[in-house]
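Student: I'd like to learn how to read a model of a complex, from helix packing up to chain contacts. Could you walk me through one?

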Amino acid sequence: MSRPRQGGVPLPLLVPAAIGTLFLVLPLLGLVIRAPWSDLGARLTEPGVGSALRLSLVTATLATAIAMVLGVPIAWVLARTDVRGRSVLRALVTVPLVLPPVVGGVALFLVLGRQGILGRLLYEWTGFTIPFTTLAVVLAETFVAMPFLVISVEGALRAADARFEDAAATLGADRWTTFRRVTLPLVSPGVAAGAVLCWARALGEFGATITFAGNFPGTTQTMPLSVYLALQSDPEAAIVLSLVLLVVSVATLLLLRERWLGRAAAA
Amino acid sequence: MRTRALLALPAAALLALTACGGSSGDAASRGTAGSSSGGDLTGTLTVFAAASLTDVFTGLGDQLEKENPQLDVRFNFAGSDALATQITQGAPADVFASANDKQMKVVTGAGLQAADPTVVAENVLEIAVPHGNPGHVTGLEDFANADLTLAVCAPSVPCGAAARAVFAAAGIDARPDTEETDVKAALNKVQLGEVDAALVYATDVRAAGDRVEGIEFPEADEAVNQYPICTLKAAPNPDAAQAFVHLVNSDAGRKALTGAGFRTPGS
Amino acid sequence: MSLAVTLTVRRGQLTADLDLAVADGEVLAVLGPNGAGKSTLLRVLAGLLPPDTGRVTVDGDVWDDDGVHVPPHRRRVGMVFQDYLLFPHLTALENVAFGLRTRGVRHPEARRRAADWLARVGLADLGGSKPAQLSGGQAQRAALARALATEPALLLLDEPLAALDARTRLTVRAELRRHLAAFGGSTVLVSHDPIDAMALADRVVVVEDGRVVQEGTPAEVARRPRTDYVARLVGLSLLPGTAEGTTVRLDGGSAVAVAEEAQGPVFVAVRPESVALYLTRPDGSPRNVWPARLVGATPHGTAVRCELDGEVPLVADITAPAFAALGLAPGAEVWATVKASEVAVYER
């Protein structure tokens, strides 16, 4: 349990902190202030809103789940082993962070599209194609959001005391058992923090989704896509959709309270 | 020594800013009906134009730059809806060319035009299929085939509105797999071979050359897109703006348009 | 169940070259200054660090040899670490049960045996506590229970008492001695504190710069130190006696007041720097005041090591200026005092 330090905030820190906070909060306030409150109810119950929200939440959660299953092992390899080429692996894993999402979408096409390197085989064997499906949305979101999880978990693993793993070894635990029963529980706050970041990034993903998965209401039209399209024809609808996304995101982040992220924040 | 360097920074910034803004009233405007603009336009010309005008306008822009070596022509090609929204939100454009009347009305409705818009071209929809027509598409009725992978433009984009109109006119219950945000994105999917067919403009089919085959259909005449153009009241470079519009309306301009597959108004 | 070790290990600047053997039920203390290679030795024995060359055999099983390295989780080893390293996310009971669970013992059985061990180390009521809620002494005991619960062939203790305060150290040391006596396997204990070695070990090995510089029983090593370090180390005065509560009656006849209660045959150990000398009988708080005669004085770094004879034979380290100021010389009659809290007592 940590108590914040006593004493006020020094001025050289307080002023930039206040400015930064305003900078982040004012645009969000703008959304709230300019929302069409009078017909909010009617707009919220339009069918497109519900399906876009549901799709966004489901795909973001699936993407995060996949990212955890694949990303935690990657983080473990990066933090705990000496395999050669680790730095190359780390660079590759972080590429989606710096790549413009649209480029990511194009790249996914080139591999998993109907004419793609692997997609072509899939199509020939099963007749199944990935683009323009909800699966494509999940894959696009996983692609852009997984690096957040990997970096967060690698950081947590490095900060964790590796000597506990020595102790577990002397108690008869092989590397897999040690990972399951000692390492993972010890870094679970870091994993949770990474998962939250990953989920948030997946929820807001636009460029890769629209390029690779396309846009179709109910199947691939996520909230960000809805907002983008609405903005061009009906800005007030766009504001409503943005507000919904904002409320959902804030609620989720509040639910994952500081206590659960506490150790990761302190690490 | 250090203070001088510090003072130089803001001065340099100011200089850069003024250079970016168009110079007003520098060149004597020579209103000509011909394609030559006199050669003394300077500064930057910013043209917001529908994506389908990309190739034609880029060529005309090059010509204008050749005739006016001190002029820099910049284009913003995108969906007309996005452009109209940007202009009404205050984006600094000199010229606006829309892919349909509806989006131009957004701009004129806000009173942002310098003079009444004129229609410079017309465009009709055409079915685009990948080279070799792998989906064996023959006509518009194939768009009701759920087994094919099909793309249209989103309804809020002129190309998409036109698609809806032709489907209605033909009595077809269309089953697209994706509604792209602009026509170039839809064409892209065809070029990549990721969709069996897309409804794009005749000009797009022409522009894609060998990679794409076009299939005309009679219902296309039910939704003719007119392309109005206008200069904007708040244009930073009104002389260059007028010169560009004259160029588009001139013989050279018309030749470029028809060469790309547009119809000229009244033909 | 015995240990035979020959190994060479290079870690940074240090090359450790060691040759040891420990019989069943025997406790070997490895004494030495920090950086001497003691912890490296333990890590090799635990299997956490493969030696560069050498051989480790336990109970006839080869754990390390040319081309052979049995990983730690397959060795029947139990280790108590300097910081205990109790898993923070598990309760004390679950910690102790950990080694049993990894070896396939089912939950209920593992818990029963873990609870048993916790009771044996006096932590019966604390099974449900998390390590963060345990005091230093309790954590040490839990760590010991955790290591012993798996019935290892080799028990390794890395500075087991270093993290404890002086008072707790006394009680825990006594208990540790009991547990080690009851343990049937070989024990290797590493420490920089000679009292640990004297109190707990059957044999002592002194390691300096990666090499064994002396070995023998604690008494032998104390009596005939062979290097400066050992000598300084064991400037300890080691006196046998019988304890009755907080008083120890020395075999020589005198009484020594100690801080910790004990009963029966004990050793009394006093560090040279804990002894203060006076020319006249002092009136002060220490209850231990004895007359003594200075029989020898040797310079010892910045101090002078004084050998004192009398009813309580002691070794005292006095600063050189003090030595001069008191005008001491061999043959001088002095009074020696030691605070009760600075006298260590442990079972013989």
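Tutor: Happy to! Let's start with a pair of helices in chain A: the crossing of α11(A) and α12(A) is left-handed. Keep in mind throughout that this is a predicted model.

Student: How do I describe such a pair beyond its handedness?

Tutor: Two packed helices are described by the angle between their axes and by the distance between those axes. Here, helix α11 (residues 223-233) of chain A packs against helix α12 (residues 235-255) of chain A at an angle of about 160°, and the axes are 7 Å apart. Because angles over 145 degrees count as roughly antiparallel, α11(A) is roughly antiparallel to α12(A).

Student: Which residues of α11(A) and α12(A) meet?

Tutor: From α11(A) come Met223(A), Ser226(A), Val227(A), Ala230(A) and Leu231(A). On the α12(A) side they meet Pro235(A), Ala237(A), Ala238(A), Leu241(A), Ser242(A) and Leu245(A). By class, the residues of this contact are nine nonpolar and two polar, with no charged ones.

Student: Now a single residue. Where does Leu31(A) lie, and what is it in contact with?

Tutor: Leu31(A) lies in helix α1 (residues 11-34) of chain A. Setting aside neighbours within four places in sequence, Leu31(A) is in contact with Ile239(A), Ser242(A), Leu243(A) and Leu246(A). You have already met Ser242(A), in the contact of α12(A) with α11(A).

Student: Why does Leu31(A) count as partly exposed?

Tutor: It comes down to counting neighbours. A residue needs 20 or more C-beta neighbours within 10 Å to be buried, and 12 or fewer to be exposed. Leu31(A) has 15 inside 10 Å, so it counts as partly exposed.

Student: How far apart are Leu31(A) and Val191(A), in sequence and in space?

Tutor: They are 160 residues apart in sequence, and 32 Å separates them in space, C-alpha to C-alpha.

Student: Let's turn to the interfaces. How many residues does the contact between chain A and chain B take from each chain?

Tutor: It takes 17 residues from chain A and 16 residues from chain B. On the chain A side, α11(A) gives the most, with five residues. The classes on that side are eight nonpolar, eight polar and one charged.

Student: And which elements of chain A give two or more residues to the side that touches chain C?

Tutor: The contact takes 14 residues from chain A and 16 residues from chain C. The elements you ask about are α8 (163-170) and α9 (175-203) of chain A. The largest share of that side, six residues, comes from α8(A). By class, that side has eight nonpolar, three polar and three charged residues.

Student: What can I say about the fold of chain B?

Tutor: Chain B has nine helices and 10 strands. Of its 267 residues, 49% are buried. Among its contacts between residues at least 6 apart in sequence, 77% join residues at least 24 apart.

Student: What about chain C and the complex?

Tutor: Chain C averages a pLDDT of 87, and 97% of the residues score at least 70. For the complex, the predictor gives an ipTM of 0.75 and a pTM of 0.71.

Methods. Residues are numbered from 1 along each chain as its sequence is written. Chains are lettered from A and ligands numbered from 1 in the order in which they are written. This is a predicted model: local features need pLDDT of at least 70, side-chain atom pairs count only at pLDDT 80 or more; totals for chains, interfaces and linings use all residues. Helices (H or I, at least four residues) and strands (E, at least two) are DSSP runs, numbered from the N terminus. Two residues are in contact if their C-beta atoms, placed from the backbone, lie within 7 Å. Ala, Val, Leu, Ile, Met, Phe, Trp, Tyr, Cys and Pro count as nonpolar, Asp, Glu, Lys and Arg as charged, and the others, Gly among them, as polar. pLDDT is the predictor's confidence in each residue, from 0 to 100. Axes are lines fitted to C-alpha atoms, for helices over the stretch in contact, and angles run from 0 to 180 degrees between N-to-C directions. Angles under 35 degrees count as roughly parallel, over 145 as roughly antiparallel, 65 to 115 as roughly perpendicular and the rest as oblique. A crossing is left-handed if the near helix is turned anticlockwise from the far one by less than a right angle, and right-handed if clockwise.
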